[in-house]
Structure formats: C-alpha cells, structure tokens
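Let's take a friendly walk through one protein model, looking at charged pairs, a helix and a patch of surface. Please keep the sequence and the structure side by side as you read.

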Amino acid sequence: MRVTTAFCRLLRLDGVRVTSVVFAADRLLVSVALRRRRLVCPCCSFSTRHRERVQAHESVWRHLDLGVWRLEIRATLRQLRCPAHGVHVEAVPFARHRAQFTRDLEDLVAWLATRTDKTAITRLVRIDWQTVGRIISRVADEQLDERRLDDLFEIGIDEIAWRGGHHFLTLVTDHRAGKIVWGGVGRSAATADEFFAALDPPGTPDLREVPADAEPGRVAEGAAGDQPSVGARAAQLTTISMDMGPGYAKSAREHAPQAVICIDPYHVVQLANRALDEVRRDYWNELRDADQPDAARRFKDARWALLKNPDDHTTTQAATLRKLKNAGGAVWRAYTLKEALRSIFHSHLDILDVAILLERFISRATRSRIRAFVRLAKTIRKHAAGILAAIRTGINNGRVEALNNKARLITRRAYGFHSANAALALIHLTCGPITLTLPHESL
Ligand SMILES: [Zn+2]
C-alpha cells in the first residue's frame, strides 16, 4: 500500500485524497486535495464551478495527533463569489468555517471541555485556553438546534455570576426537559427581552389571541401599537419562574402576559439570609466600635452558624448558636425569623397552610423592629402571589437544582475565557439539549 493511500485511510478526512506526507522535525505534514470540482460557500450551501480569482490560497489545519506526532493538514484552496456572502475561500468538508483545526479535533476539544479542567485540556491537546474558547463557540453554534425553543411551556429565568461576580449571565431553563435552552450577557430586562426576541424573531407571524378587552383595530398592528404583540412561541408559555428583581418580571409581563410568574422559594430564603447577614454585620460593627475586639472576633465566626441549615451544623457551630440564643438580642431574633421562613418552604405543606404561615411571617417580621426584616416583609408581601404560584405549580428551583449546580460549576471553569460567548457556549454544551460525540463514535 502506498503511503498516501495509507494516510487517506488513517486520517479519515471527508472528501479529500492525500497527495503527500512529509515528516518534519516536530510534526507530520499531510497535503490533501479536494475530490469535488465545484466550489462551495463556507457560509451556505451555494456551489459553483466558477473560480473567482486565479490566485490560490494555502490553508493549514491541525488534526488529531498521530501517536506523539502533531499532525497538520495542508491544502491549496480556491476562491468563489457567493451571491449572498461575497468572496470567500471555498469550504472544506472536514473543517468548520474560519477554523484552524479539523472538525474531529474540535469535537474532541469540545467533549473534553465539558468534562475536564483547563490544565488537563491545554496540556493534553497542546492549545491555549482562549483557543479552546473559540473552538467550543464554533461547536456550540453548530450543534444548538433552533427547535429547542419550539415547545417551551414552563421556563425559569435566572442570573449567574461570571468572572468573579462582577459580570452576569442570564440563563433560561426549560423546566420540563431540565435543560438550559438560552443564555445571554447581563441580567436586566433588556437581557430577558433578547431571549423573547430569539424566541419569536421579528418578522414571524403574530399569533396573539384577541384579548376580550382589546380595542378593535388594535390587535393586528403588532409591535407598532401601544400594546406589544405576543409571539407564537411566547404565547405557549404557561409559567415563568424567576427571582424578585424587577427586570425579568417586566420583560415577562410584556412579552408573555398570559404566563404565570412564579417566585422561587429558594430566592425568598436567599433574601432572608441576606437580611440576617445585614443584622449580624451591624451587630459586629457595634461590638467593634464599643471597643470589644475579643467579642467582635468571636462573633465574626458566627456567620456560617447563622446562615447554615441547622441540620448541617458542626458541633462548634451548634455551640455558637446556643450562646447567641442565651444572649438574646436582635441577631437571635433575626435568626429565628429566617428559620421560620425557611421551614415554611421545607415542610411540604399545602398551599393554604403556606399562605397562612407566610402571612403570619410577614406580620411578625413587620413588628420585629429589625430594619432589614421589616424591608424583607414588605418585599415578600409584594411578591406573595408569585411565591404562592410557585408552590401551587410546583415550579421551583429544587426541580432543576442539579442543573443549576452544574451550570455554576461550569461557569467557574469558564472564568478564564475573555469572551462571554465562550462561557455561554460551555454552558450550552454541558447543560443544553446537545449530545456531543467523539470522532470515533461517528464512524
Ligand atoms: Zn454563501
């Protein structure tokens, strides 16, 4: 068998034949030629026999290593003019547009990125982390199926901190499928608006049902009228879970007014934890200002004892809590309030009981004279309907907790990427409706 024939079978590259194989000092150089005569646009399926310029274009891609050898594929390509995309170097079947790596190598990198850490990938594949980011963006773009947004009924909109907590991403979860189906940069109403725009891109037919109280002649105007139109896919949404911030709710009311807004109890408890932490910090500052450094230092350690679920306390934390109880005061009262609220949501009560207990909590907190909890009571009263809707529909964070934890873990790994797109791509690849396959699995 000739060397070129052997390499043709070894590399398994689509649509090419190997013309030469050269061993260089640190790599193998394999030259290939395309089998097809027609030139294909890299952006669409347009093909032509007509060559735009005579000048040839030398291209290089890195392929899967062969043993310890780095392997480079070289080809001389032609240029074409696509009526839609203009002049481009022709597409090759074995690599993605603008990629310097073959499809097989990119698929391997994407698979690794979802399963292992930065150091392992960069060392194993011998590429830097930013390159990994560009590769997974390309793979995610190709693999993300537009149809994933077709049958959404119950969704959750959540924010997630990115790059040390100063940047945020908004993630949309399909509660039924347990998958993240959309991600965007930021955490405002505008970010949620982007999701609804992706759900029903401008120009798609407006399937809004005529509301009973609508003025005649208003309905068909679509986005031009005062009343924004509801897209076909947004109209299917029945419930949207979110936190108590104003941004997502504003966007949801505007784009999917028929959907019930659910406030996840998880967010309510989180807010209570924050209120408790504020009380603790105030007290700690008081101790410090009162020139009791020892007491202040000891109390600083109380933070975790206060915020943790009592079932998870260590012996020391339990002892700290007992001391706080004996001392009484605002911190202890704030703690019992927080625990009372938490237990409402953790006891599998029916909705009537939850409604009664929530009302009782609101009046207790309002009378507590602890500023942070008076404010919390006000917030909870404002969102009571949404909180109860979450209990009634059973749409809550608990259902997708494993998914959220995974997204958080992945986002931490994505800190090193400079671009938010790479971070979102990694989230899509790990938590989205995508199944990655390794090169040998598609044999
Ligand atoms: Zn084209």
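A residue is called buried when its relative accessible area is under 20%, exposed when that value is over 50%, and partly exposed in between (1.4 Å probe, protein chains only). This is a predicted model, in which local features need pLDDT of at least 70 and side-chain atom pairs count only at pLDDT 80 or more, while totals for chains, interfaces and linings use all residues. Residues are numbered from 1 along each chain as its sequence is written, and side-chain values use heavy atoms, with hydrogens and water left out.

**A buried glutamate**

Let's start with glutamate 106. This residue has a relative accessible area of 0%, so it counts as buried. Glutamate 106 sits in helix α2; helices (H or I, at least four residues) and strands (E, at least two) are DSSP runs, numbered from the N terminus. Which residues touch glutamate 106, leaving aside its neighbours within four places in sequence? They are Arg96, Ala99, Phe101, Ile135, Arg138 and Val139, where contact means heavy atoms within 4.5 Å.

**Charged pairs**

Side chains of opposite charge can pair when their charged atoms come close. A salt bridge is a side-chain nitrogen of Lys or Arg within 4 Å of a carboxyl oxygen of Asp or Glu. How many salt bridges does the structure hold? There are 25 of them, and the table shows some.

| Salt bridge | N to O distance |
|---|---|
| Arginine 27 and aspartate 26 | 3.1 Å |
| Glutamate 72 and arginine 27 | 2.4 Å |
| Aspartate 107 and arginine 96 | 2.8 Å |

Glutamate 72 belongs to strand β6 (residues 69–77) and arginine 27 to strand β2 (residues 27–34), so their pairing ties together parts that are 45 residues apart in sequence. Glutamate 72 is buried, at 10% relative accessible area. Arginine 27 is partly exposed at 21%, and aspartate 26 is partly exposed at 45%.

Now for the pair of aspartate 107 and arginine 96, with N and O atoms 2.8 Å apart. Aspartate 107 lies in helix α2 (residues 103–113) and arginine 96 in the loop between β8 (86–89) and α2, so this pair links parts eleven residues apart in sequence. Through shared partners, salt bridges join Arg96, Arg103, Glu106, Asp107, Arg138 and Glu142 into one network. Within that group, aspartate 107 is buried at 15%, and arginine 96 is buried at 7%.

**A helix with two faces**

Where are the buried residues of helix α15? They are Leu403, Asn404, Ala407, Ile410 and Thr411. These residues cover an arc of only 125° around the axis, which puts them on the same side of α15; the arc is that of the directions from the helix axis to the C-beta atoms. The face turned away from the buried side carries the exposed residues Ala402, Leu409 and Arg412. Cover for the buried residues of α15 includes β9 (154–162), β10 (167–174), β11 (179–185) and α16 (420–431).

**One more residue**

Is phenylalanine 23 buried or exposed? Phenylalanine 23 is exposed, with a relative accessible area of 54%, and its place is in strand β1 (residues 16–23).
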